[in-house]
Amino acid sequence: MQNKVEANIKNVSKILASSPNIQKALKEKDAVKVQTQVKKILRKLDGVDIITIADMKGIRYAHPNSNRIGERFVGGDEERVIKEGVSYISQAEGTLGVSIRAFEPIFYEGKQLGFVMAGVLYEDIKKFRMHALITMCGFTLFGILLGVIGALMIARKIRASLLGLEPNEIVYLYRENKAMLDSISEGIIAIDAKGKITLVNDYAIKILNINNPCVVGEYVLDVFPTSRLLEVLKTGESEYNEEQIINDTVILTNRVPIKDGEEIIGAMASFNDRTKIKRLAEEITGVRQIIHALRANTHEFMNKLHLILGLIELNEIDEVKKYIKSVAREQEQIRFFLMKKIKNPTISAIILGKLSRAKELKINMEIDENSYLEKYYKNIQNETLVTIIGNLLDNAMEAIIKKGKEGEIFLRIEDVGETIEIEVVDNGIGIKKEDIKKIFKRGFTTKKEEGGIGLYLVEKSIKQLAGEVFVDSKFKEGTSILVRIPKEVYK
């Protein structure tokens, strides 16, 4: 502010000092002409309060107050301009009060005749500063108010477009959705109305065998050439449980349009490996255990037929008769025992199949003579018992195979009071102490074809029935697993 004032009065003093009329009038010592010229100029100027012109003795030839003409200049800061003939800015108190002054020497034909002083009263500067400050504050407040109103309007509009969510809520929702998508064991891919990918999860990238995971924004057919999402986008019709081949893998996929009211704004597909789905379904329902049992029985039966055929070719008819009677007697004993003790035909079939499998592996499998199971139980489904018994026996056989020696398996299925007890004991490789708590976790088992789900399903089935499982094992010695399930028997 002060710099601006000083620059202004300095310019005014220079203009007056260079005026030929003022120079000539001062040369002629004509105070009337000098005063007249100064008054004309002072009336036209804004921001200058005082203009004084004096000679080399400091006698005034012009002053805002005509009565002061002829008197000596007041202030004491004029000596430099008189003695040195230089321009400068100073501050002093004159007849009109304290002022900021600009001094400029007046020359005529190379000789200094006097000087010009243009000044601004300090009180006026304070008033100007206050006025400027008030004006500036006013504009600032107005700007702030306008900015706040504008910001509120923009924020309201943005919030409406974001469904009323706050930024931190949007960030949380984004992270939550991403975590959910990446945790799903199913491929998910979505596109917008232009066919550009807007969403893809890690499992989809794995199934599609995409080298570059950063495919958001890419055209869907460039990434997934056989995708039918564009057809769904065009027709607006959903497609469910459709089979499709990707990288020599048959997948099962669902495709649905994404709508905003009646407008189709995109499409989404979810898909999974059909083989994996089928295998998982078989594990959960117990179908796979039944298939294994039937396969084992078939394999054992074929071995016996091959033996009989060989004896016939050797013309050992008596041996054939003895063998057939021996097999029939053995099978009849097992069948009679199972029919008498295990009245559920599905469970009997599973046990029979596991007996055949144990024989193939040269494992002695013994069933406790006290075993007993009713045909039906109110709260227990056949597939649940198949899952528990089948997986426990499979793991027992696997433990014996890992040990590399012929082994033994003991099976007890007993209806004890209010519970059913299932006990499987083997002398296989056993479980390390630190691993006992891990064996029921998904993925812990080393059976690749089961995807690490066998014992996980066992524990899950037991928990669903409010049962308990107890594991006692010593590494390289064997394992005992006892399952207790509460029951309600049909009357």
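Q: Which residues is Ser 13 in contact with, leaving aside its neighbours within four places in sequence?
A: In this predicted model, Ser 13 is in contact with Ala 102, Glu 104, Val 116 and Ala 118, once neighbours within four places in sequence are left aside, where contact means heavy atoms within 4.5 Å. Residues are numbered from 1 along each chain as its sequence is written, and side-chain values use heavy atoms, without hydrogens and water. Local features need pLDDT of at least 70 and side-chain atom pairs count only at pLDDT 80 or more, while totals for chains, interfaces and linings use all residues.

Q: Is Ser 13 buried or exposed?
A: Ser 13 counts as buried because its relative accessibility is 1%, the term buried meaning under 20% relative accessible area with a 1.4 Å probe and protein chains only.

Q: And which helix is Ser 13 found in?
A: Ser 13 belongs to helix α1, helices being DSSP runs of H or I with at least four residues and strands runs of E with at least two, numbered from the N terminus.

Q: What does helix α1 touch?
A: Helix α1 (residues 2-17) packs on the sheet and touches β1, β3, β4 (97-108) and β5, its direction making about 30° with that of β4; axes are lines fitted to C-alpha atoms, for helices over the stretch in contact, and angles run from 0 to 180 degrees between N-to-C directions.

Q: Switching to the sheet, what is the strand order?
A: The open sheet of five strands is ordered β2-β1-β5-β4-β3 with antiparallel pairing, where two strands pair if DSSP finds at least two bridges between them.

Note on methods
Buried < 20%, exposed > 50% of the residue type's maximum accessible area, 1.4 Å probe, protein only.
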